[in-house]
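Let's take a walk through this model, one neighbourhood at a time. Keep the viewer open and follow along.

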Amino acid sequence: MYNNPEQFYSIEMIVVDEEGTTMQGNVLRRYFPRFEQVFNESDCYFIVKPTIGLNESKYKYVDNKNKLGIYCDTDVYPCKDFNGPIYGFSFTSFKDIIDKTVPENKSIDVIGFVADVKDLKKFKTARGKDTKKLNVIIQDLEMESIYLSLWDSYVDRILEHWENREQHGVIVVILQFGTLKYFGRFGYVNSCFNVSKLFINSDVDEMTTFRNSLIANSAASSCSSQSSRLSGIFLSLYDEYVVRSEFNNIAEVNLNQAKSVVVVGTVQMISEDLPWYYFACKTCNKKVFPKVNNDTPTVGVLVDEEEVYECKTKTCKDIVIEYTKRLKIPLTVQDSSGTVSLTLFDRDACRILKTTAANLIEKHVAGGDKGLYPDEFEALLGKKFAFKIDISEFNIEHNFWFFGVSKLTDDEDIIFELEKKANNIEVETTASLNNRFTDMESEDTVNLNDDNCTDVIMGVTVGTKSNEDFKSKVPSESMDDNVITPLAKNLEDTAMASKPLGEPAIFKRKTKKPAFKKNLVESYDVDENGEMSTTKPVKPGKPTLLIPKIEK
Ligand SMILES: [Zn+2]
């Protein structure tokens, strides 16, 4: 009861009949002695002569205006041959949540697989109770994704599965009787104290069906093994590259805004005339600089072989530092739309080349062939990767067209999914460009390039993308202004050379139309497998918020 948590006002329940109709029900306090011991969750009963009242509560856990009252006249006895649905789920589609056509304050059920968990928060409630909250990104069969906000014991249950996801494989969840809240652009389905039910990889028919469809979809949409697609690793890559990142064709990469974007491209070239390693501070990983010693006369003195380096960052300034050599491989990467210059850093480079920077550098320096890169780098040539690249404030300020790679993957399934997006954007862009070219022939290409592309991309990554994602993804290693500052001058030529390559690509698209028709056919083939909405672009200019609320 309100003033006394030990005392209950009523026993609340949700009942489902054989046809799947659900209704909220309760036993008022005065009838507790008779019914308290009668009901067990998930058991089936005949309820004879209940009373039916109006359900006037603000939160309706089920979509039913009536309420079942169990009172003095009611009889309850067990039923052994119930043939209806056991749980009475009524799933809300993610698309409706994303489009905000589902009203708030209504209880909903959702089913999906866990793509990522994030933002674990622990805090105390006003009453001093320890509580915790976790956001879970779940995706449905159409690869739409939404947030679940889970609390307390639900958090532990999800984390236990998530941490062992490599064993469990895909984690399918159902949240029943969740409540929907919109924050900004996104809908969050919250677990609700004492009412919601969380099912994780349970032996529930609805889950089995979901899982089977998921496997069928992934098998159909990808030629490589479905098991890899359904592993936790795939899901987290998928989430990172496909769901939460903005995808750009290479010609669309621009300096309008600092952010990270994903591109897919093939390594065409490694610049021979650019340095491919640098000296980095062991403490903070930033580039270190040869120390200028003002006391020593600079004329007529041999420079010592062992140069002294200093780190200029706040933490290391004025202290003696240790430094190490790290890779920064200058790559030229190309897709069908254009070319871009990228810097591949130590960690990823070593992972792909399966060696260490020290090895490469020692061997190379011993060989004495300065100015050229080690042979090992050639393993990168002709390889296709999905690159997550950072367009930094530094790039924007200095009109510097060399981007740091914060992450890359050669996972075929990820590249496949991303290339579907690329085809879609190309088709859209080509169509809209063709219109424009007939309308206004003298239009500046730069403007054309700016127009709409971003909107199209935003439409592709509906659901869970937030600006926070981009801001918080600071690369953990070495990509910073200090590292690339000294390059800026040397690279002016390269930058100038690579930029024009990107822009005329717009024209190439127009002339390459037959190729896109082929792409179109290919992507429709894929779409027949139910993948259509993954890549469905939002038509530029279509208002996305003018969606009427459903009134009942
Ligand atoms: Zn340092």
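Asn-201 has a relative accessible area of 24%, which makes it partly exposed; here buried means under 20% relative accessible area, exposed over 50%, and partly exposed in between (1.4 Å probe, protein chains only). Before going further, a note on the ground rules: this is a predicted model, where local features need pLDDT of at least 70, side-chain atom pairs count only at pLDDT 80 or more, and totals for chains, interfaces and linings use all residues. Residues are numbered from 1 along each chain as its sequence is written, and side-chain values use heavy atoms, with hydrogens and water left out.

Asn-201 sits in the loop between strand 12 and helix 5 (205-221). Helices (H or I, at least four residues) and strands (E, at least two) are DSSP runs, numbered from the N terminus. Asn-201 has a positive phi of about 40 degrees, though it isn't a glycine. Most residues other than glycine have a negative phi. Phe-199 is in strand 12 (residues 197-200), and it counts as buried because its relative accessibility is 8%. Setting aside neighbours within four places in sequence, the contacts of Phe-199 (heavy atoms within 4.5 Å) include Tyr-87, Phe-89, Arg-157 and Met-207. Val-172, Val-173, Ile-174 and Gln-176 are also among the contacts of Phe-199.

Another positive phi turns up at Phe-177, about 60 degrees, and again the residue is not a glycine. Phe-177 belongs to strand 10 (residues 172-183) and is buried, with a relative accessible area of 7%.

## Helix 3

Which residues of helix 3 (residues 153-163) are buried? They are Tyr-154, Val-155, Ile-158, Leu-159, His-161 and Trp-162. Looking down the axis of helix 3, these buried residues fall within an arc of 165 degrees, so they line one face of the helix; the arc is that of the directions from the helix axis to the C-beta atoms. Glu-160 and Glu-163 are exposed on the other side of helix 3.

Apart from neighbours within four places in sequence, Ile-158 is in contact with Val-114, Val-117, Leu-134, Val-136, Leu-150, Val-173, Leu-198 and Ile-200. For Tyr-154 and Phe-199, 45 residues apart along the chain, the C-alpha separation is 9.7 Å.

## The largest nonpolar core

The largest nonpolar core has 32 residues, and Leu-327, Ile-329 and Phe-387 have the most contacts inside it. A nonpolar core is a set of buried Ala, Val, Leu, Ile, Met, Phe, Trp, Tyr and Cys residues joined through side-chain atoms within 4.5 Å. Strand 14 (259-270), strand 18, strand 19, helix 8, helix 9, strand 20 (384-391) and strand 21 each supply at least two residues of this core. Not counting residues up to four places away in sequence, Leu-327 touches Trp-276, Leu-344, Ala-349, Leu-360 and Phe-377, among others.

In helix 8 (residues 346-353), the buried residues are Asp-346, Asp-348, Ala-349, Cys-350 and Leu-353. They pack against strand 18 (323-334), strand 19 (339-345), helix 9 (357-367) and strand 21 (402-409). Just after helix 8, Lys-354 has a positive phi of about 55 degrees. In helix 9, Ala-357, Leu-360, Ile-361 and His-364 are buried; they cover an arc of only 90 degrees around the axis, which puts them on the same side of helix 9. Glu-362, Lys-363 and Ala-366 are exposed on the other side of helix 9.

## The zinc site

What holds the zinc ion? The SG atoms of Cys-281, Cys-284, Cys-311 and Cys-316 coordinate it at 2.2 to 2.4 Å. Donors are N, O and S atoms within 2.8 Å of the metal (3.2 Å for Na, K and Ca); water is not among the atoms, so sites may look incomplete. The donor residues are spaced C-x2-C-x26-C-x4-C in sequence.

The 4 donor atoms subtend angles of 100 to 113 degrees around the zinc ion, so the arrangement is tetrahedral (for four donors, all angles between 85 and 135 degrees). Cys-281 counts as buried because its relative accessibility is 0%.

## The whole chain

The chain has 17 helices and 21 strands, and 46% of its 552 residues count as buried.

Methods: Tetrahedral: all angles 85-135°; square planar, octahedral: opposite > 155°, others 65-115°.
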